[in-house]
Number of protein chains: 2
Amino acid sequence: MLSGMPPTRAQNVGIHAVDIYFPRKYVDQVELEKHDGVSQGKYTIGLGQSKMGICDDREDINSICLTVVKSLLEKYGIAYNDIGRLEVGTETIIDKSKSVKSVLMQLFADSGNTDIEGIDTTNACYGGTNAVFNSVNWIESSAWDGRYALVVAADIAVYKSGAARPTGGAGAVALLIGADAPLVFDAGVRATHMEHVYDFYKPDLHSEYPEVDGPLSNSCYIKAVDVTYNRYLDKLSRQEGVENPTMDSVDYFVFHCPYAKLVAKSVGRLGFNDFLRNPDDERFAAFAQFKDLKRENTYTNREVEKAFMEYTKDAFKTKTLPSLLVAKNLGNSYCASVYCGLASLLSETPSSQLQNKRITLFSYGSGLAASMFSLTVRGDTSPIAKILNLSSRLADRTEIPPAEFDAIMNLREQTHNVKDYDPVSPVDERNFFPGTYYLKRVDEKFRRTYERVAAKGPVRSVLNGVNGTNGVNGVHSVNGVNGVKA
Amino acid sequence: MLSGMPPTRAQNVGIHAVDIYFPRKYVDQVELEKHDGVSQGKYTIGLGQSKMGICDDREDINSICLTVVKSLLEKYGIAYNDIGRLEVGTETIIDKSKSVKSVLMQLFADSGNTDIEGIDTTNACYGGTNAVFNSVNWIESSAWDGRYALVVAADIAVYKSGAARPTGGAGAVALLIGADAPLVFDAGVRATHMEHVYDFYKPDLHSEYPEVDGPLSNSCYIKAVDVTYNRYLDKLSRQEGVENPTMDSVDYFVFHCPYAKLVAKSVGRLGFNDFLRNPDDERFAAFAQFKDLKRENTYTNREVEKAFMEYTKDAFKTKTLPSLLVAKNLGNSYCASVYCGLASLLSETPSSQLQNKRITLFSYGSGLAASMFSLTVRGDTSPIAKILNLSSRLADRTEIPPAEFDAIMNLREQTHNVKDYDPVSPVDERNFFPGTYYLKRVDEKFRRTYERVAAKGPVRSVLNGVNGTNGVNGVHSVNGVNGVKA
């Protein structure tokens with residue numbers, strides 16, 4: 001080799017920093033049950049959900065990603081020049097060609113750093129995980145130049161009125177990835193399952209809403225848990241010499257969370273798989289009647305579900321419940337969801353308790369793409385917990401009555417994919433946290449302009465969707481008006 | 001390390017196999033000039049284009065990707081189980097959530113291989129390059145398990161009637177990437193430029209057509225050539241010790257090709273950059289009047305353009321023209337374009353002539369994302385050339401009169417994003433090459449079913465968009481009818 005690059009790989013590649021953005025507004029699921037006239041507990045117990053985040057017509061996929069990237073870099077004091085890769089995982093498509101990543105490059109304009117690889121990646125809720133894998137691989141590759149990779153996983157999850165609507169939500173997570181990190185990705189254990197299926201998809205480009213087959217999606221999710229869990233355990237055994245790996249080989253399980261109840265069922269499913277892998281183990285003596293069942297015939301078997309949810313009850317409480325804080329209080333954020341789970345765990349668990357613990361994540365995107373993979377905690381996570389500060393931030397939100405939620409959803413429907421549009425929702429403290437980017441205008445050529453609510457302190461930034469080319473001839477300069485202070 | 005993974009990276013990672021698919025139908029640009037009533041030479045000389053590929057209502061992004069993947073694996077005799085990563089770069093979005101990659105998983109269903117990472121990646125014409133980088137990185141990472149990565153770069157480029165329409169086209173390229181390849185990616189020289197700009201984008205989800213600002217797009221392209229070329233030369237110098245790198249340091253330049261004339265101009269631009277890097281070099285004596293120009297003020301400077309196109313005339317012929325065969329005869333294929341260029345070069349140049357030669361690629365996607373990077377030929381490329389066989393395949397197409405082209409475009413407009421639709425274009429030898437997948441039906445829930453025209457020999461395959469979940473409960477089985485033999 002003529003090069004100065006080391007022939008060996010970067011080591012201990014993992015997560016250095018995490019930030020999360022969620023909308024300031026939420027609707028309470030108890031109130032929504034009343035408003036929708038459904039039976040009490042349908043959303044809160046049946047789905048396991050408590051609150052749901054809401055974006056009005058001032059927020060789109062660009063704005064929430066701008067907010068979380070700016071926020072992470074500011075809070076952790078990372079320079080724009082320290083980023084060598086930036087990739088966005090999302091299924092909230094408002095432009096078929098132009099990536100959200102390219103919009104985020106506005107934040108880097110002043111630094112002059114445009115040598116940043118990575119664009120957008122899409123398959124339902126799986127995009128963020130693909131971006132994470134790509135970032136880890138880049139750092140381990142010969143192309144790595146020592147800088148950080150930044151992954152943004154974000155979505156606005158909205159459904160037409162009906163059974164699926166209470167499973168909405170919205171959020172954005174940013175992850176800073178580099179070598180010698182406190183949260184290290186386990187090497188060689190990533191287990192994937194991909195398949196062609198129409199369980200949930202978004203073929204109607206005229207609508208913000210997906211086509212949904214809920215029961216099929218649930219079955220696909222459970223099947224993907226089965227396949228990836230068994231592959232993951234086999235790789236764990238081969239790669240790390242873990243003998244007879246089971247749930248006990250893992251300290252925390254973090255799941256993609258369409259709604260919390262499905263995650264509880266999935267933990268039960270891990271127990272069922274442990275049983276099927278070792279049916280004669282004496283601790284499974286009570287389940288002998290399930291011994292001859294085939295996995296693929298049991299995705300909706302209530303008896304199996306009930307028995308193994310009971311069996312994994314304690315494991316669910318200790319290994320998974322700490323990761324559901326955001327999901328229960330925000331709802332589904334698609335690509336962001338599993339990383340909201342990781343953020344919840346890190347925010348709510350003391351660093352000392354996490355040391356040398358293995359955290360296994362299950363990421364699922366309909367269509368379908370799923371992976372199970374893991375991290376081991378090898379350093380202090382308390383700076384991350386302090387910055388995330390999730391319980392406090394979740395409590396600092398504005399409750400919106402269901403009727404207002406309906407009105408917001410109607411407004412989104414009416415203004416979906418319009419041009420020459422000035423959003424109407426107020427820019428104030430009720431609607432936005434300090435430091436939030438919001439949509440200022442969609443011009444007559446669909447070009448979007450953003451501004452930022454004042455952050456705490458003197459930070460303020462105006463992002464102009466039109467004059468972002470830094471001097472290329474032929475660009476019309478249209479400046480946004482001053483940002484509104486919250 | 002407990003693992004059995006080597007701490008060193010895979011070496012000589014690069015391209016083992018290439019296949020290309022383009023539609024059987026084309027319109028001649030001379031005929032189009034007459035039909036459109038524009039001045040003679042406007043498309044053929046002004047744009048440098050000869051023919052343009054056309055997809056009717058039987059072809060969509062899924063079908064052309066199915067065709068090229070199936071074709072590559074068959075022709076090269078690669079087993080489905082040999083693929084460990086598959087990623088699609090495209091901006092032809094017909095579903096906002098479900099990836100083309102997930103549709104391609106139907107081809108792998110019989111093999112049982114579902115442990116295949118990678119999904120779709122999007123930023124205008126750049127997605128394929130992002131997929132290539134991700135694949136190389138994967139093979140060099142600790143996650144690599146020895147299998148190949150398969151990259152699919154594909155798009156259907158269509159414009160509303162008017163000035164941009166003759167710059168359309170359609171194509172799909174598949175690249176098989178692995179270690180110890182005949183075409184090795186140069187390490188550490190990838191140079192990227194990313195920026196926020198609205199030069200070309202697709203914000204109108206109701207339409208298949210983009211928003212286009214042609215002059216701005218041209219300027220952005222030239223700016224991106226400048227920035228990435230200078231970064232690339234600097235990295236070449238640092239990484240490989242090349243002193244005073246110039247165009248002479250590279251044997252072949254392959255460009256993303258919106259139309260051939262812009263590529264000729266871009267080669268001139270490389271010469272202009274060589275001059276600006278070493279203005280006092282005696283071979284640039286004739287250009288002293290341009291010495292004080294700033295790059296950013298010359299993107300549309302005709303004098304500079306003319307002078308340096310003349311200066312690079314021979315270099316263009318030897319270094320770049322061989323890569324324009326497909327582009328001139330097919331038109332723009334967006335993400336596939338730069339890889340159509342590489343395929344052209346490999347198909348039309350004897351392997352012996354390519355040995356130890358450096359091929360530098362420039363990939364550009366509006367919005368914008370651009371990279372310059374290179375390959376060195378380290379092995380026999382004749383099997384690839386033999387399989388590509390491009391001149392012969394391009395000659396084996398069907399010419400369509402412009403009036404029929406217009407009718408096809410009208411049909412695409414009327415049927416864009418419809419459901420419960422049976423495509424009407426005939427499935428016959430005039431319209432499709434043997435082995436082409438075509439759209440059979442879009443059902444009442446937008447689910448798409450594909451069938452395959454008989455390949456030469458007994459190969460035939462029916463792909464069913466609905467029953468592809470292999471046994472997950474709740475899936476309705478809807479079988480397609482028999483495929484039509486060509």
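Predicted model: local features only at pLDDT ≥ 70, side-chain atom pairs only at ≥ 80, totals over all residues.

User: OK. Which residue forms a salt bridge with Asp420(A)?
Analyst: Arg441(A) does. The closest N and O atoms of the pair are 2.7 Å apart. Asp420(A) lies in the loop between α14 and β16 (437-442) of chain A, and Arg441(A) lies in strand β16, so the pair ties together parts that are 21 residues apart in sequence.

User: Buried or exposed, or in between, for Asp420(A)?
Analyst: In between. Asp420(A) is partly exposed, with a relative accessible area of 49%. Arg441(A) is partly exposed too, at 23%.

User: What about Arg165(B), which residue does that bridge to?
Analyst: Arg165(B) pairs with Glu413(B), and their closest N and O atoms are 3.9 Å apart. This pair links distant parts of chain B, 248 residues apart. Arg165(B) sits in the loop between β6 (148-157) and β7 (169-178), while Glu413(B) is in helix α15 (residues 402-415).

User: Why does Arg165(B) count as buried?
Analyst: Because its relative accessibility is 9%, and buried means under 20%. Glu413(B), at 43%, counts as partly exposed.

User: New topic. How many residues of chain A are in contact with chain B?
Analyst: 98 residues of chain A, and they meet 98 residues of chain B.

User: What area is buried between the two chains?
Analyst: About 8600 Å². Carbon and sulfur atoms give 49% of that. In chain A, Arg9(A), Lys96(A) and His196(A) lose the most area to chain B. Together they make up 10% of what that side buries.

User: How many salt bridges run across the interface of chain A and chain B?
Analyst: The rule finds four. Between the chains, Arg190(A) forms a salt bridge with Glu117(B), where the closest N and O atoms are 2.6 Å apart. For polar contacts, the count between the chains is 58 residue pairs.

User: Which element gives the largest share of chain A's side?
Analyst: α5(A), with nine residues. Elements that give two or more residues to that side include α4 (127-140) and α5 (214-240) of chain A.

User: And how do the residues on that side divide?
Analyst: Into 34 nonpolar, 39 polar and 25 charged.

User: Last one. In what sense do the β5 strands of the two chains pair?
Analyst: β5(A) and strand β5 (residues 120-122) of chain B pair in the antiparallel sense, over three bridges. Thr121(A) has Thr121(B) as its bridge partner in β5(B).

Note on methods
Residues numbered from 1 in each chain as written. Chains lettered and ligands numbered in written order. Heavy atoms only, no water. Salt bridge = Lys/Arg side-chain N within 4 Å of Asp/Glu carboxyl O. Helix = DSSP H or I, 4+ residues; strand = E, 2+ residues; numbered from the N terminus. Buried < 20%, exposed > 50% of the residue type's maximum accessible area, 1.4 Å probe, protein only. Contact = heavy atoms within 4.5 Å. Buried area = accessible area lost by both parts, 1.4 Å probe. Polar contact = N/O pair within 3.5 Å; in protein donor to acceptor, adjacent residues only side chain to side chain. Nonpolar A, V, L, I, M, F, W, Y, C, P; charged D, E, K, R; others polar. Pairing = 2+ DSSP bridges.
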